[in-house]
Amino acid sequence: MAKTSVFQKRLEKHHDELRWLYMELYQNDDMFAELASQLYEFDKQRAKALKKMDAEREKEPDWYKKNDILGMMLYIDNFAGNIKGVEEKLDYLKECQVNYIHLMPFLDTPKGRSDGGYAVSDFRRVQPQLGTMKDLESLTASCHQKGMNVCMDFVMNHTSEDHEWAVRARRGEGEYMSRYFFYSDYSIPSEYEKTVPQVFPTTAPGNFTWLADAGHFVMTTFYPYQWDLNYANPRVFNEMVYNFLYLANKGIDVMRIDAVPYIWKELGTKCRNLKQVHTIVRMMRMICEIVCPGVLLLGEVVMEPEKVVPYFGSVEKPECHMLYNVTTMATTWHTVATRDVRLLKLQMDIVSRLPKEYVFLNYLRCHDDIGWGLDYGWLRQFEIGEVSHKKYLNDFLTGAYPDSFGRGELYNSDPSSGDARLCGTTASLCGIEKAAYERNEPALEQAVQLDLMLHAYMLTQSGIPVIYSGDEIGQENDYTYHKDPDRLEDSRYLHRGKFRWDLEPQRKEKGSVQEKLFTGISHLETVRKSYEVFNTDADVWTFETGDNAVLGIIRSNGTQKLAALFNFSEYGKKAWLDEAGGAYRELITGRELEGQEMDVPAHGALWLLKK
């Protein structure tokens with residue numbers, strides 16, 4: 001009797017549910033049979049080294065939930081020119097204690113119509129100026145040898161209008177038109193527009209684009225050059241799965257599935273978060289576990305934590321392994337501007353009440369803008385209005401407010417509604433840019449302290465902390481995008497500047513901003529890795545400190561208990577712990593402290609381990 005292969009065992013485990021879900025969506029036996037056959041082919045093509053890693057991770061499924069993972073987001077060209085350049089800089093990333101690198105979009109896109117790489121024209125081709133698929137395989141193999149994981153964006157909601165499918169659809173080929181949403185007149189698009197919100201009402205209004213040469217409207221939720229895929233067509237699902245597995249077989253460890261809530265469209269709805277989306281994500285999770293169980297799904301779901309929970313699925317039927325903690329990031333900058341931690345405390349309590357199995361990625365800044373999706377219903381009790389508060393936050397963090405230290409810029413500003421989002425690097429938003437320009441040493445010291453406090457706070461949250469490349473050396477805003485015709489309309493390039501390798505050597509110059517930040521963040525991560533209380537399975541809750549400028553967080557795993565204090569004010573504060581005194585070891589400085597009331601320096605952070 002022939003021995004059952006590992007692939008067959010995995011397929012048998014998921015086959016019935018996978019087939020049931022597939023048939024529920026598509027009622028197409030032939031297409032399911034083709035899918036199953038292709039899964040086998042991709043399993044055969046998967047390298048031995050990757051299969052070995054799959055097997056190891058299957059034995060330890062919580063491998064990504066430990067306290068030793070630190071991520072970094074970077075653009076390949078900005079960081080090191082090309083993929084080979086990134087491979088040459090891996091030792092630097094190891095010095096940063098980074099073992100998870102998120103490579104921002106690098107697949108082929110049209111120049112000037114790429115939305116930062118999110119308009120893919122070929123899912124199996126790297127942008128030529130960045131390298132080749134062989135370069136990518138070499139990079140991922142080198143990363144694995146150094147104990148590092150690689151994340152990439154898989155843009156599944158749409159393709160570029162230059163993608164082969166789109167080009168053939170534009171010519172009128174029916175098979176390819178059916179892979180998108182094509183309409184010969186505006187009658188059906190007008191019905192969609194009644195219920196579907198606009199993503200970019202000022203820069204890309206509407207959800208459809210008229211193609212004069214093709215004589216049709218096509219659905220374009222984001223930008224006119226990004227055509228939405230029709231996942232009601234099983235050919236679309238199958239082919240995108242094949243693209244996904246092709247990339248996974250290049251050594252990718254984490255697939256960030258982009259714009260997940262948008263992928264299923266249905267007339268008469270908002271075309272967001274429909275139940276079919278969860279069917280598709282669940283099928284993708286099972287397909288991963290059949291072919292590449294070492295690969296994680298990271299869902300890009302930009303909503304408050306309690307609303308993103310469905311994208312984790314259930315214990316029995318999981319969907320995404322990880323999701324972004326978007327609202328906490330925005331609330332953090334609200335807290336920087338207001339010096340009031342109450343909303344942040346509320347936000348953290350919501351996240352902490354969620355099951356520990358749910359893993360969030362935590363970050364201070366990312367490649368995108370900061371949208372002020374705050375809990376305005378809760379803020380209203382303090383007579384804080386949404387429009388006026390957004391204006392205050394934007395004014396403070398762009399330097400328009402009197403004596404403010406932020407130096408950001410607005411994004412997608414809508415003068416009619418007063419709404420706008422915010423851009424800027426962590427250093428510039430913390431005041432480092434302003435203080436350095438004014439040569440104000442006391443202000444610069446405070447700005448550096450704020451930056452370090454925010455990183456300590458991020459590392460205290462449960463989940464995986466992710467640093468944006470350049471933050472470790474205090475990189476400031478890059479204003480050169482104003483002179484680039486392809487970028488000047490998009491202020492997000494303010495914080496997407498080239499990595500300042502000319503500043504990098506200064507991280508070894510005692511007393512420099514770069515040295516203080518690099519050494520400080522590295523030290524925080526070293527401490528975090530050394531104590532199991534920072535594992536994701538610890539209990540986490542906030543407590544009242546007696547001062548609205550100081551956030552108090554408790555982490556406890558049964559054997560260790562950590563009380564963390566974070567002062568969002570520029571003044572020193574006294575904060576009360578949540579228990580009647582005690583002896584503590586302050587982990588950041590190594591000091592021994594006692595008592596119930598603690599002095600927290602301006603913009604200071606304390607990690608107090610109960611003795």
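**A first look around the model**

Trainee: What should I know about the model before we go on?

Mentor: This is a predicted model, in which local features need pLDDT of at least 70 and side-chain atom pairs count only at pLDDT 80 or more, while totals for chains, interfaces and linings use all residues. Residues are numbered from 1 along each chain as its sequence is written, and side-chain values use heavy atoms, with hydrogens and water left out.

Trainee: OK, back to A456: where is it, and which residues does it touch?

Mentor: A456 sits in helix α20, which covers residues 441-460; helices (H or I, at least four residues) and strands (E, at least two) are DSSP runs numbered from the N terminus. Not counting residues up to four places away in sequence, A456 touches L524, F566, A605 and W607, where a contact means heavy atoms within 4.5 Å.

Trainee: And how far is A456 from G406?

Mentor: The two are 50 residues apart along the chain, and their C-alpha atoms are separated by 20 Å.

Trainee: What about K434 and G406, in sequence and in space?

Mentor: K434 and G406 are 28 residues apart in sequence, and from C-alpha to C-alpha they are 7.4 Å apart in space. K434 belongs to helix α19, residues 432-438, and is partly exposed, with a relative accessible area of 21%. Leaving aside neighbours within four places in sequence, K434 is in contact with S404, F405 and R407.

Trainee: Which loop holds D403, and what is its phi?

Mentor: D403 is in the loop between α17 (386-398) and β15 (409-414), and its phi is positive, about 65 degrees, although D403 is not a glycine. With 79% relative accessibility, D403 counts as exposed.

Trainee: What is the phi of N412, then?

Mentor: N412 has a positive phi as well, about 55 degrees, and is not a glycine either. N412 is placed in strand β15 and is buried, with a relative accessible area of 16%.

Trainee: Let's zoom out: how many helices and strands are there in the protein?

Mentor: The secondary structure comes to 21 helices and 25 strands. The radius of gyration is 25 Å, close to the 25 Å that the globule rule gives for 611 residues, so the protein is as compact as a globular protein of that length. That radius is taken over C-alpha atoms, and the globule rule is 2.2 Å times the number of residues to the power 0.38. Along its principal axes, the C-alpha trace spans about 70 × 65 × 50 Å.

Trainee: What share of the contacts joins residues at least 24 apart?

Mentor: Among contacts between residues at least 6 apart in sequence, 69% join residues at least 24 apart.

Trainee: New topic: which side chain makes a polar contact with that of N233?

Mentor: The side chain of S178 does, through a polar contact of 3.2 Å; a polar contact is a pair of N or O atoms within 3.5 Å, where within protein one must be able to donate a hydrogen and the other to accept it, and residues adjacent in sequence count only if both atoms are side-chain atoms. N233 is in the loop between β10 (226-228) and α11 (234-248) and is buried at a relative accessible area of 14%. Residues up to four places away in sequence aside, N233 touches Y26, S178 and R179.

Trainee: Last one: is A575 buried or exposed?

Mentor: A575 counts as buried, at 0% relative accessibility, and lies in strand β21, residues 573-576. Among the residues that A575 touches, not counting those up to four places away in sequence, are T545, V550 and L565.

How values were computed:
Buried < 20%, exposed > 50% of the residue type's maximum accessible area, 1.4 Å probe, protein only.
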